[in-house]
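Q: Can you walk me through this protein model? I'm new to reading structures.

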Amino acid sequence: MKAGVKVFAPATVANVAVGFDILGFALEKPGDEIIARFSDTPGLRIAKITGAQGKLPLDINKNTAGFAALKLLEHLGEEGRGIELEIHKKMPFGSGLGSSAASAAGAVMAVNELLRRPLEKRALLPFAVLGEQVADGAYHADNVAPSLIGGMVLIRDNETLDVHRLPIPAGIHATVVYPHVEILTRDARGVLSDMVSLRQCIQQNGNMAGLLVGLYQSDLELISRSLNDVIIEPQRAGLIPHFQKVKEAALKAGALGCSISGAGPSIFALCANSLIAEEVGLAMKRIFENAGIESDLFVSPVNQEGAVKL
Ligand code: HSE
């Protein structure tokens, strides 16, 4: 077998309540594993996909990981190089955990490592975003950027990929509960109105700015007051069964804030420490249990590394 590299790329929480398409953070688990290895057959191909129940295409032009890797190889003038990808999905898709973004980020990282790192990690971002665009048709980096570079990331501008890492106060943990219902990002974007009132705009800007100040000053109360989405959450909450009850349970159990993770159906909460995060997670999960809906719980600090070679 030819030489290869394996990369882990983490799940992410996009939007973080107040930063639709411009804010996201990485989790330590779950995540996808991507293997890239040289092959005698010229060109890029996807040799294997596991964990996707046959739902993901092997066609590189239709697969987020394949397309991201192809765009990187074209940029490097290496598209004729024989390379095989293996995609091992270790998280659900259509879950709001940035599954397609993790595959895209993992693929560009794996190919870059295989080619002995011609580009810096950050320079891989545009190719990974193009890969994710295959999945939902939109060009936004709020999942891909944190999955690739780690941390809590602000994307000041998606077109130019003006991305910035934000500080995370010590102790902060994220709780994410994934109820087993599928929502496609494309559909969850489709329900959104283009119209935002001036009042909503003012409130959301205030909350976004408040969250940034809270993160920089480690002011948990300010973070808590700021995690309030007045634009997107009200429009999408109805897509997620029992969303309001789950959110109430999270806040009652001590979460700093709670909202939809990405396009849903996963729901995230930010918590002051791991103990609260565990308790909040159990309280959220209980609501789904009582409603007869299976769910998975992930509790994690913010992952500071992003995609890593294993
Ligand atoms: N910002 C995106 C959305 C994240 O909420 O639609 C999901 O890809």
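What follows is a short chat about its helices, strands and a few single residues.

Q: What kind of model is this?
A: It is a predicted model.

Q: OK, helices first. How do the axes of α2 and α3 cross?
A: Helix α2 covers residues 99-114 and helix α3 covers residues 125-136. Their axes come within 8 Å and cross at roughly 145°. The crossing is right-handed.

Q: Which residues make that contact?
A: On α2 they are S100, A101, A104, A105 and V108. On α3 they are F127, A128, G131, E132 and A135.

Q: And what classes are they?
A: Seven are nonpolar, two are polar and one is charged.

Q: Where does Q133 lie?
A: Q133 lies in helix α3. Its relative accessibility is 27%, so Q133 counts as partly exposed.

Q: How far is Q133 from S100?
A: In sequence they are 33 residues apart. In space they are 9.2 Å apart, C-alpha to C-alpha.

Q: Then what does Q133 touch?
A: Setting aside neighbours within four places in sequence, Q133 is in contact with A138 and Y139.

Q: Switching to α9. Which of its residues are buried?
A: Helix α9 spans residues 243-252. Its buried residues are F243, V246, K247, A249 and A250. They cover an arc of only 160° around the axis, which puts them on the same side of α9.

Q: Why would residues a few places apart point the same way?
A: An α-helix has 3.6 residues a turn, so residues three or four places apart point the same way.

Q: What about the other side of α9?
A: There, K245, E248 and K252 are exposed.

Q: What do the buried ones pack against?
A: They pack against two helices, α8 (233-236) and α10 (274-290). They also pack against two strands, β8 (257-260) and β9 (267-271).

Q: And what follows α9?
A: G254 follows α9, and the phi of G254 is positive, near 110°.

Q: Now sheets. What is the strand order in the open sheet of four strands?
A: The order is β8-β9-β7-β10, with antiparallel pairing. From one strand to the next, the twist averages 20°.

Q: Which strands stand at the edges?
A: β8 and β10 do. Each has a single partner strand, so one side of each is left without a neighbour in the sheet.

Q: How many bridges join β8 to β9?
A: Four bridges join them, and the two strands run antiparallel.

Q: Which strands does β1 pair with?
A: One is β2, residues 23-38, paired in the antiparallel sense over ten bridges. There, V13 stands opposite F25. Another is β11, residues 308-309, which runs antiparallel to β1 and is joined to it by two bridges. V7 stands opposite K309 in β11.

Q: Where are the cis peptide bonds?
A: One runs from K29 to P30, with omega near 0°. P30 sits in strand β2. Another joins G264 and P265, with omega about 5°. P265 lies in the loop between β8 and β9.

Q: Last topic. Which residues have a positive phi without being a glycine?
A: N15 is one, with a phi of about 80°. Q53 is another, with a phi of about 45°.

Q: Where are they?
A: N15 is in the loop between β1 and β2. Q53 is in the loop between β3 (44-50) and α1 (64-76).

Q: Is each one buried or exposed?
A: N15 is buried, with a relative accessible area of 6%. Q53 counts as exposed, at 67% relative accessibility.

Note on methods: Residues numbered from 1 in each chain as written. Predicted model: local features only at pLDDT ≥ 70, side-chain atom pairs only at ≥ 80, totals over all residues. Heavy atoms only, no water. Axes fitted to C-alpha atoms, helices over the stretch in contact; angles between N-to-C directions. Left-handed = near helix turned anticlockwise from the far one by under 90°. Contact = heavy atoms within 4.5 Å. Nonpolar A, V, L, I, M, F, W, Y, C, P; charged D, E, K, R; others polar. Buried < 20%, exposed > 50% of the residue type's maximum accessible area, 1.4 Å probe, protein only. Arc of directions from axis to C-beta. Pairing = 2+ DSSP bridges.
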